[in-house]
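The sequence and the model are shown first.

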Amino acid sequence: MNTPKWAQDLILDAILYIQSDTPLKPELPDIHWRHSHHKDSSGVCYETHITICGGKNRIDCKLVILHELGHWASPLGEHHSDKFWDLCWQLYREFKLPIRYCKQREASYRKGSVAAYHRSRKSI
């Protein structure tokens, strides 16, 4: 299924943002998109591609896209590391996602995200 235009734009903008601060892998990820009838989205990142199952809540879908791009930009072995979470919170803020929503969604996912949220507040 084709990735929606708004998601393509977000992905490109996020990759350019990441690239401005972090050396990237030589190839951009292949994006595999599926639509879901659920409210929330989900995603998974492999070394060379990202699969997004986009739900009905666009804010949640944007969060999942940025989260998976955080995985793609992170070195192998840094799955949900402090560096990974710091990058995710930079992306959430840069792309103006509702921080309260992000904190709630990510806090239920990993404790490390809450510590990174607090670190990100100090850098504002």
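## Sheet, helices and core

Ile31 stands opposite Ile50 in β3. Cys45 also stands opposite Ile50 in β3, while Gly43 stands opposite Ile52. For His35, the bridge partner in β3 is Gly54. These pairs come from a predicted model.

The strands involved make up an open sheet of 3 strands, ordered β1-β3-β2, with mixed pairing. Strands β1 (30-35) and β2 (42-45) stand at the edges with a single partner strand each, so one side of each has no neighbour in the sheet. From one strand to the next, the twist averages 10 degrees. The two pairings are set out below.

| Strand pair | Sense | Bridges |
|---|---|---|
| β1 and β3 (residues 49-54) | parallel | 6 bridges |
| β2 and β3 | antiparallel | 4 bridges |

How many of the 6 residues of β3 are buried? The count is 5 of the 6, so β3 is largely enclosed by the rest of the structure.

### Chain layout

The protein chain has 5 helices and 3 strands. Read from the N terminus, the elements follow the order α-β-β-β-α-α-α-α. Of the 124 residues in the chain, 40% are buried. Among contacts with a separation of 6 or more, 51% are between residues 24 or more positions apart.

Before α1 (5-19) there is a segment that includes Thr3. Is Thr3 buried or exposed? With a relative accessible area of 12%, Thr3 falls under the 20% limit and is therefore buried. Not counting residues up to four places away in sequence, Thr3 touches Gln8, Ile11, Ile31 and Trp33.

### Helices

Helix α2 (residues 58-73) lies across β1, β2 and β3. The direction of α2 is at about 165 degrees to β3.

Helix α3 (residues 82-94) has 13 residues, and at 1.5 Å a residue these should span 18 Å. The C-alpha atoms at the ends of α3 are 18 Å apart, which agrees with that expectation. Within α3, the buried residues include Phe84, Trp85, Leu87 and Cys88. Trp89, Leu91 and Tyr92 of α3 are buried as well. Just after α3, Lys96 takes a positive phi of about 55 degrees.

### Nonpolar core

The largest nonpolar core contains 29 residues. Which residues have the most contacts inside this core? They are Ile52, Ile65, Leu66, Leu69, Trp89 and Tyr92. At least two residues of the core are supplied by each of α1, β3, α2, α3, α4 (99-107) and α5 (111-122). The largest share, 8 residues, comes from α2. Two of the residues named above return here: Trp89 and Tyr92 are buried in α3.

### Cysteines

A disulfide is a covalent bond between the sulfur atoms of two cysteines. How many disulfides does a search of the whole structure find? The search finds 0 disulfides. Cys53 is in no disulfide, and the nearest cysteine sulfur, that of Cys61, lies 8.8 Å away. That distance is over the 2.5 Å limit for a pair of cysteine sulfur atoms, so Cys53 and Cys61 do not count as a disulfide. Cys102 is likewise in no disulfide; the nearest cysteine sulfur belongs to Cys88 and is 9.8 Å away.

Both cysteines lie under the 20% limit, which means that they count as buried. The relative accessible area of Cys53 is 14%, and that of Cys102 is 0%.

Note on methods:
Residues numbered from 1 in each chain as written. Predicted model: local features only at pLDDT ≥ 70, side-chain atom pairs only at ≥ 80, totals over all residues. Heavy atoms only, no water. Expected span 1.5 Å × (residues − 1). Buried < 20%, exposed > 50% of the residue type's maximum accessible area, 1.4 Å probe, protein only. Contact = heavy atoms within 4.5 Å. Pairing = 2+ DSSP bridges. Axes fitted to C-alpha atoms, helices over the stretch in contact; angles between N-to-C directions. Core = buried A, V, L, I, M, F, W, Y, C linked by side-chain atoms within 4.5 Å.
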